[in-house]
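Thanks for sending this one over; here are my notes, point by point. Please read them with the model open beside you.

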Amino acid sequence: MIAFFSLINSLLDAFCRSFLKVAIPSLIRDVFLRILMAMLVIGYFLSFYTFSIMIWGMGAVYMLAMLSMVFYMKREKIFKIDFNWEGITQPFKKEFLQYSLITLLGTAGALLIMKIDSIMVSSMIGLDANAIYTIGFSIAVVIEMPRRAISQVAMPVISEMFAENQLAGINALYKKIAINQLLICLLIFLMIWINIENLYHFVPNRAIYEQGKWVVLLIGLGKLTDVIFSVNGEIIVFSKFYTFNITATLLMSAAVIIFNLALIPLYGIEGAALASLIAMFCYNLVKFIYIKIRLGFNPFTPGVFFILISGGLSWAVSYYLIPTFSSVIPDILIRSGIVTAVYLLLVHLLKAAPETETMIIQKVKQVLAMINNR
């Protein structure tokens, strides 16, 4: 039941994205579902009900999310079921099935890539090491959450631009997304890494799991490579060169396995994280080179490098100039506040993202104007 309703939710979410309806589906998927799931787990932890009741409750939560999506789509007048297949030509069916199969294989390969390192850590070191690795990996994955949200918004736009042959527009979007998502994701990475000791303070059995802090750093840097190279995967998928996605995924899978076999025996869980970092960088580099050769697109502008410089200097301020406080909460607040201020100030002084600054200032002025009018 959970798998069925989860599948329907994914289909409805994809349908909404094709109409550029992203905000409410994201709210349902990322906030509504997670809050209710957390409440169910907490209730089971407090022994309010049995495990089987919790599982049935999860199924009910996914069903409720599906009904919420249907209600939203009907309100927006984009929900329509039509079983008339007569207008679909045979050539279109063939092309659709071919594209769907390649996309399915590419997605399956990408999901497999994300799990290979964890599986190999379990088999080559042990389940205890995998627990330490998984917690560190989960902390680092937070870095790419804004990228996922931006990608969901960008995909239908890129698809529409390719349909209208607006290659110059795609190239401009490629650059803008690289700057804006790096601006956000790098700040999140900084907040995690400068507070890594404090974050592990809240993890039970800290002395054991704190061994995974270097996993956080290496996986975090790997996720930043995804961010820096912008939406290269999305551009390939929606271009006429979409079959290359399978080639790149196969190369990535082989690279992850080879690097893990070489590095895990030498460096343990840090070796697995380093293998993922190297593989992610190579994966993105190959896709960047392919896009550059085939389409002539390039995501890199001076702003990207200015943001990286701002991030490096902000980390140096935290490492060399800010003292460590004995209390965890004040240390997090003071350190995070100073580093954020330095980071944003440097981004402003270097004029790394002037368009984003202008947009934010305009939004603030609009909000202030609305408040004054009231």
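Predicted model: local features only at pLDDT ≥ 70, side-chain atom pairs only at ≥ 80, totals over all residues.

1. Let me start with lysine 351, which is exposed because its relative accessibility is 61%, above the 50% cut-off for that class. Lysine 351 sits in the loop between α15 and α16 (354-373). Its phi is positive, about 55°, although the residue is not a glycine. As background, most residues other than glycine have a negative phi.

2. Lysine 77 is found in the loop between α3 (51-75) and α4 (90-124), and with 76% relative accessibility it counts as exposed.

3. Is the next residue in that loop, isoleucine 78, buried or exposed? Isoleucine 78 also lies between α3 and α4, yet at 9% relative accessibility it is classed as buried, because buried means under 20%.

4. Now to the salt bridges, of which the count comes to nine. Arginine 29 pairs with aspartate 13, and their closest N and O atoms are 2.8 Å apart. Arginine 29 is in helix α2 (residues 23-45) and aspartate 13 in helix α1 (residues 2-18), so the pair ties together parts 16 residues apart in sequence. The two partners fall in separate accessibility classes: arginine 29 is partly exposed at 24%, while aspartate 13 is buried at 9%.

5. Which residue does glutamate 144 form a salt bridge with? The partner is lysine 223, with 3.5 Å between the closest N and O atoms. This pair links distant parts of the chain, 79 residues apart: glutamate 144 is in the loop between α5 (127-141) and α6 (145-163), and lysine 223 is in helix α10. Both glutamate 144 and lysine 223 are buried.

6. Some salt bridges join up into a network, which links Glu197, Arg206, Glu210 and Lys213. Within it, arginine 206 and glutamate 210 form a salt bridge whose closest N and O atoms are 3.4 Å apart. Arginine 206 is partly exposed, with a relative accessible area of 32%.

7. The pocket is lined by 21 residues, and the closest to its centre are Ile194, Ile196, Glu197, Thr324 and Arg335. Elements giving two or more residues to the lining are α7 (167-194), α8 (196-201), α10 (213-228), α14 (302-320) and α15.

8. Which helix gives the largest share of that lining? The answer is α8, with four residues. Sorted by class, the lining of the second largest pocket has nine nonpolar, seven polar and five charged residues.

9. Asparagine 195 and aspartate 331 are 136 residues apart in sequence, while their C-alpha atoms are 8.3 Å apart in space.

10. Serine 310 lies in helix α14. Its relative accessible area is 0%, and serine 310 is therefore buried. Serine 310 is 125 residues from cysteine 185 in sequence, and the C-alpha to C-alpha distance between them is 13 Å.

11. Finally, please check the surface patch formed by Phe202, Phe325, Ile329, Leu333, Ile334 and Ile338. This patch is nonpolar, and its residues together have about 550 Å² of accessible area. One of its members, isoleucine 338, lies in helix α15 (residues 328-349). Isoleucine 338 is partly exposed, at 36% relative accessibility, so it passes the requirement of over 30% for patch residues.

Key. Residues numbered from 1 in each chain as written. Heavy atoms only, no water. Patch = residues over 30% accessible without salt bridge, like charges linked within 9 Å, V, L, I, M, F, W, Y side chains within 5 Å. Areas by Shrake-Rupley, 256 points an atom, 1.4 Å probe, with all protein chains shown as cover. Salt bridge = Lys/Arg side-chain N within 4 Å of Asp/Glu carboxyl O. Buried < 20%, exposed > 50% of the residue type's maximum accessible area, 1.4 Å probe, protein only. 1 Å grid on protein atoms, 1.4 Å probe; cavity = no way out; pocket = protein on both sides within 12 Å on 5 of 7 lines; lining within 4 Å. Nonpolar A, V, L, I, M, F, W, Y, C, P; charged D, E, K, R; others polar.
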